[in-house]
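Thanks, everyone, for making the time. I would like to walk through one model this morning, going from a contact inside one chain to a ligand site and then to a contact between chains.

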Amino acid sequence: MNLLTVENLTVTLATGSGEAQAVRNLSFNVGRGEILGVAGESGSGKTMTALSMLGLLPYKGKASGSIMFDGREILTSTKREYRDIRGKEIAMIFQDPMTSLHPMLTVEVQLTEHLRHHRKVSKAAARNSALELLATVKIPEPAAALSAHPSQFSGGMRQRIAIAMALACEPKLLIADEPTTALDVTVQAGILKLLHQLRTDRNLSVMVITHDLGVLSSLTDRIMIMYAGSEVESGATSDLLKNPRHPYTKGLIAALPGNSEVNSKNLLSIDGMPPELGNFPTGCAFHTRCKFAKASCKETLPEVLNLTSNHRIFCPVNPFSELSNSGSN
Amino acid sequence: MKEILNLKNVAVEYDRHGRKVRAVAGVDLTLNSGEILGLVGESGCGKSTLGKAIVGILSPITGEIVFDGQKVKKLTRGKRPDHFRNLQMVFQDPYGSLNPRRKIGMQIADGLIVAGMSKKLALVKAADLLEKVGLPRNAVDRFAHQFSGGQRQRISIARALAAAPTAIIADEPISALDTSSQAQVANLLVNLVDEFDMGMVFISHDLSIVRRISDRVAVMYLGKIVEVGTVDQIWNNPSHPYTRALISAIPHADGTSFMPKDLPGDVPNPMSPPSGCRFHPRCPLAKPECSGNEPELRRLADGRDVSCVLQTAGSQPVTLTLN
Ligand SMILES: Nc1ncnc2c1ncn2[C@@H]1O[C@H](COP(=O)(O)OP(=O)(O)OP(=O)(O)O)[C@@H](O)[C@H]1O
Ligand SMILES: Nc1ncnc2c1ncn2[C@@H]1O[C@H](COP(=O)(O)OP(=O)(O)OP(=O)(O)O)[C@@H](O)[C@H]1O
Ligand code: SF4
Ligand code: SF4
Ligand SMILES: [Mg+2]
Ligand SMILES: [Mg+2]
């Protein structure tokens, strides 16, 4: 049984001009010890998807559908139940580490409060665990760091402290939203190694949201690509990156700096503007920017097309169907 | 090519509980018009601090910064001198740098109104700028919290562009964007640099983008520049062991589950930097004398500057092999 099974998740947000769906009918799952990557257009609803699992949607945000976690429905949880889930079962680290850190409280207070509240350990034991956690995430001079405030660290260092805090209560699922965007590549490589290790050692499940396809390539088992609040494609990491089949995914991968024409500073990008919340195009939301769009794409929501048992696209036109499936492309 | 920025021996300190943190420890750097200079290095090595010193938000304790012929002074609360309105920064943290209670349009229009434009026209121009960075025109009427992380980064870029700058310090301007939007914004920046003959310092952890759009790259470690050279020199034959480590840590987006190499050892604390070469405790090629003498930046025969005892001034770079 999967640790997490999300079905028909729809997230509605309040915008200046009424309600709008930021996530639409999204279904996916994360297995035990599996690392799922989520990528997609900026503004496509990745963060809202994550927040809905923690009961942390913005003011007036509503989620419907079903989120089964470890065998029980959590979408209907009360505030109190969500607080318990957040402390002990699902932890999240954010794109902006200051989201989970208080700028004016010492690192020690923040790390140990967490431990003491959820695991009821003594002050001394909590301090020791905090020191260990800081060492795990490679904070220099952990003891000195304990008495510092997060505002005194650089962006990258703050993220490491946020990771330490997320790991404090040994969650079953870690949701990491752009966890390494603020980190340099050598530290990023260390964090990727750390997440791999946590998966192996603790059978931790991880859902990692990032636009960095390099990070997804080295870290994840499976990838889901989102556009305008919906999945457009998902598959095993190597299949999806070597043989993308949805026109949006194709465009995303073609835009990688390594894939544009060498010796030109200009990178390939997908023409047109990203869709606007509350104003998503009808039918396939990508039709306004898709070179392969047919008349029907404007009208009907694209049905799922299973290419293999583990690779699917939401594009009935399937313009790259004649390409080999071997991955050599 | 005209030199637009010149930094000499710039050092910046913070005060942490009475202890001095020298976040930037003596940096020499130049930027030319029409040039993109990539600035890369470990988290916490002082890139943002250097950027803030360049635009006058922080004042250096030693050294000087000259922008377009005039010495940069620390900004005061009053109006920014006209000369320095052409020197702009896109901040790393688009959350902290946007005012949550003011409409996006007004935040962009501010700079234009200060420069003498009518409010009405400034708002139209703000919408133009938002469109230029790939956001809908009606974003002028919304607030920062109504945008995703990536969208806020575009807003910060639009705001910096409002001043028609001749030099921009762009601190991680595209790090929260998807690859296609990254490509769009990177192309936008490249074209602006060309079109207006701007100079740009491009701070980024995304080395594949840095490689593509920069002309030269400066590599920083613990407050100091350790290597500066052309993109080709840095990538094809890095001559400083830290540069070498950075290049080996870049992940490959090819679906091969290639594991990039991390750099073992503790990130040093700028409050007590290691003696001698600041990289020596983590350097796989360190020699005994590296803990004693701090190497200076010196020019190699191919025109790059590097600070490492393994390289000799005036000679061709020695190719480094790590394990
Ligand atoms: N508090 C809010 N109120 C209204 N709309 C919001 C709010 N926060 C985000 N949105 C909008 O919801 C949509 C989805 O946002 P979300 O943050 O989930 O995107 P994302 O996929 O995580 O993007 P990114 O990659 O840029 O972080 C976006 O259009 C965004 O502008
Ligand atoms: N306001 C501050 N007070 C005290 N120390 C600070 C302050 N801001 C930054 N520092 C310290 O100065 C050093 C340089 O920080 P800076 O933010 O310039 O690094 P950076 O290279 O931009 O890192 P990143 O890549 O993580 O953004 C770090 O050690 C940091 O902890
Ligand atoms: S459904 Fe139509 S518009 Fe959408 S991606 Fe496929 S071909 Fe393009
Ligand atoms: S000077 Fe010595 S320690 Fe420093 S980078 Fe060169 S070899 Fe390594
Ligand atoms: Mg997000
Ligand atoms: Mg920074």
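Which side chain meets that of Arg289(A) in a salt bridge? It is the side chain of Glu41(A), at 3.3 Å from N to O, where a salt bridge is taken as a side-chain nitrogen of Lys or Arg within 4 Å of a carboxyl oxygen of Asp or Glu.

Before going further, a word on conventions: this is a predicted model, in which local features need pLDDT of at least 70 and side-chain atom pairs count only at pLDDT 80 or more, whereas totals for chains, interfaces and linings use all residues. Residues are numbered from 1 along each chain as its sequence is written, chains are lettered from A and ligands numbered from 1 in the order in which they are written, and side-chain values use heavy atoms, with hydrogens and water left out.

Let me begin with the domains. Chain A is divided into domain 1, covering 4–220, and domain 2, covering 235–313, with bounds that come from an automatic or database domain assignment. Taken over C-alpha atoms, the centres of these two domains of chain A are separated by 28 Å.

On the side of domain 1, Arg24(A), Glu41(A) and Leu213(A) supply 52% of the area buried against domain 2, more than any other three residues. The rule finds one salt bridge across this domain interface, and it also finds four residue pairs in polar contact, both residues at pLDDT 80 or more. For polar contact, the rule asks for a pair of N or O atoms within 3.5 Å; within protein, one must be able to donate a hydrogen and the other to accept it, and residues adjacent in sequence count only if both atoms are side-chain atoms.

Turning to ligand 1, residues from chains A and B surround it, so the site is shared between chains. There are 21 residues around the ligand, and those that come nearest are Gly43(A), Lys46(A), Thr47(A), Gln146(B) and Ser148(B), a residue being near if one of its heavy atoms lies within 4 Å. From chain A, a backbone N or O atom of Gly43(A) lies 2.7 Å from an oxygen atom of the ligand, and a backbone N or O atom of Lys46(A) lies 2.9 Å from an oxygen atom of ligand 1. From chain B, a polar backbone atom of Gln146(B) is 2.7 Å from a ligand oxygen atom.

Finally, the contact between the chains takes 63 residues from chain B and 60 residues from chain A. About 5,000 Å² is buried between them, of which carbon and sulfur atoms give 54%. In chain B, Thr179(B), Arg212(B) and Asp262(B) lose the most area to chain A, together 14% of what that side buries. Two salt bridges are counted between the chains, and Arg142(B) forms a salt bridge with Glu276(A), the closest N and O atoms being 3.2 Å apart.

Terms used: Buried area is the accessible area (1.4 Å probe) that two parts lose on being put together, summed over both. Contact means heavy atoms within 4.5 Å.
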